[in-house]
Amino acid sequence: MGIIAGFMVPHPPMIVPDVGRGSESVVEETTRAYEKVADEIAELKPDTIVISSPHSVMYADYFHISPGTHASGDFGAFRAPQVSFDVDYDSQFALQWSNHAAVNDIDAGTLGEKDPDLDHGTMVPLYFIMKKYTGFKLVRIGLSGFSLSTHYRMGMLCSTVAEELNRRVVYVASGDLSHKLKEDGPYGFNALGPIYDERIMDVMGSGEFDRLLDFDETLCNMAAECGHKSFVMLAGALDRKSVSIERLVHQDVTGVGYGICTYHIEGEDPDRAFLDKWNARENARRQALRDKEDVYVRLARKSLESYIRKGKKIDWYDVKDELGSATDKAISELENMRAGAFVSIHKEGKLRGCIGTISATRSCIADEIIENAISASTRDPRFDPIEEDELDALEISVDVLGEAEAIMSPAELDVKRYGVIVTKNRRRGLLLPNLDGVDTVEEQLSIAKQKAGLAPDEEGCFLERFEVVRHT
């Protein structure tokens with residue numbers, strides 16, 4: 001068999017009457033849609049239900065699949081311990097999924113379990129399903145810090161395992177939408193919240209799953225969603241499948257978005273190879289950007305590619321003629337001026353490395369960039385070193401720093417124009433200007449202080465500002 005259906009569902013604990021104690025009436029439409037989902041699953045009689053939950057164990061660089069043969073949980077954390085669950089795990093499915101991930105260079109498996117109890121992102125779907133059907137085993141997987149495309153690939157591998165084991169498998173993607181939909185909601189309002197909800201429901205309702213991979217990380221973060229990667233994994237599980245789609249509900253009455261869509265498999269459809277389509281678009285977009293890179297960025301790229309491919313640091317005088325004419329103003333600046341420089345590397349919209357120097361440490365900007373490109377790609381302690389098979393997917397920028405000047409107060413900062421340096425005693429932190437997701441001076445200072453190893457509200461810091469010239 002294989003994947004026979006998929007469901008996009010939310011997980012508000014208050015939808016469970018023992019938790020909501022009457023407040024669940026405001027999401028009655030969502031409750032009715034959930035009951036319909038449970039009826040459909042009961043009719044399908046799956047052998048295995050896979051639930052991806054943003055509240056299960058989560059790592060930045062690992063997909064955690066719950067281990068063992070059995071798990072339990074209850075809503076005690078929501079003052080309803082009497083609502084409890086006992087489920088059997090499909091441990092064979094979990095093991096085979098882990099093995100397929102390893103073969104495909106995705107770090108995943110059953111190691112690192114922090115809490116064996118079922119999380120509410122899993123229990124809310126089980127609450128509705130198990131009232132109607134209990135003849136299944138469960139596979140529970142958390143999300144990760146990996147890219148959207150890696151989550152999609154992990155979903156594709158789920159489908160592969162289902163077919164290999166000849167299981168009738170239903171995939172349930174648990175996740176709420178934006179938590180920032182109303183001023184009087186529990187998380188307040190952000191203008192990007194309703195934009196995210198409208199867009200995600202359009203994509204999930206249409207089944208155009210390649211568009212899921214185009215969501216900007218800033219939009220997702222500012223909207224404070226918690227289910228996007230779960231939905232991406234569901235989409236991966238449905239890749240190359242012909243599906244009948246029904247959008248059942250979208251509610252935002254609590255200030256948090258709840259959406260339910262159903263997907264029933266009708267056969268194979270090679271035209272719905274959405275990851276392939278997205279990769280083709282991304283490759284064309286990256287090539288167009290690469291064709292427009294200026295000499296600063298081309299130098300950084302040449303430096304890190306040489307080091308990663310050959311273990312060799314390039315020499316400026318060996319490569320400068322490849323980058324432009326000796327009469328070019330940019331070549332002259334690189335060779336004759338001194339300044340601090342940061343090299344930033346992104347992959348699929350996520351930071352992959354960033355290291356630089358606050359002031360000049362080498363004889364010219366060119367040498368500064370050559371060294372910092374190597375450091376950003378191989379020595380940033382936040383990331384594993386970049387590997388050769390990643391090089392074509394990298395987007396690079398170079399910031400050349402102007403002279404830092406002391407300021408008396410945060411009022412002299414502007415997050416779009418100025419970077420900031422925070423110093424206290426021997427601790428020093430820097431943050432570049434005009435970064436995605438950093439919209440206020442307060443946020444800028446808080447991050448810079450944390451980078452210095454200081455508390456976000458640390459007082460008595462010496463502040464400096466600087467401007468940059470950003471090269472892309």
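This is a predicted model: local features need pLDDT of at least 70, side-chain atom pairs count only at pLDDT 80 or more; totals for chains, interfaces and linings use all residues.
**Stop 1: the main core.** Select Phe93, Trp97, Met154 and Met204. These residues have the most contacts inside the largest nonpolar core, which has 52 residues. Next, colour residues 148-164. This is helix H5, and it gives the most to this core, with seven residues.

**Stop 2: around phenylalanine 93.** Keep Phe93 selected and show what touches it beyond its neighbours within four places in sequence. Thr48, Val50 and Val139 are in contact with phenylalanine 93.

**Stop 3: another core.** Now select Ala38, Leu44, Val83 and Met123. They are among the 41 residues of another core, which lies apart from the largest one.

Stop 4: Is cysteine 226 buried or exposed? It counts as buried because its relative accessibility is 17%, and the cut-off is under 20%. Then jump to cysteine 364. It is buried too, at 4% relative accessibility.

**Stop 5: threonine 423.** Select residues 419-424, which form strand S15, and find threonine 423 there. Threonine 423 has 18% relative accessibility, so it counts as buried. What is threonine 423 in contact with, leaving aside its neighbours within four places in sequence? Show Arg428, Cys461, Phe462 and Glu464.

Methods:
Residues are numbered from 1 along each chain as its sequence is written. Side-chain values use heavy atoms; hydrogens and water are left out. Buried means under 20% relative accessible area, exposed over 50%, partly exposed in between (1.4 Å probe, protein chains only). A nonpolar core is a set of buried Ala, Val, Leu, Ile, Met, Phe, Trp, Tyr and Cys residues joined through side-chain atoms within 4.5 Å. Helices (H or I, at least four residues) and strands (E, at least two) are DSSP runs, numbered from the N terminus. Contact means heavy atoms within 4.5 Å.
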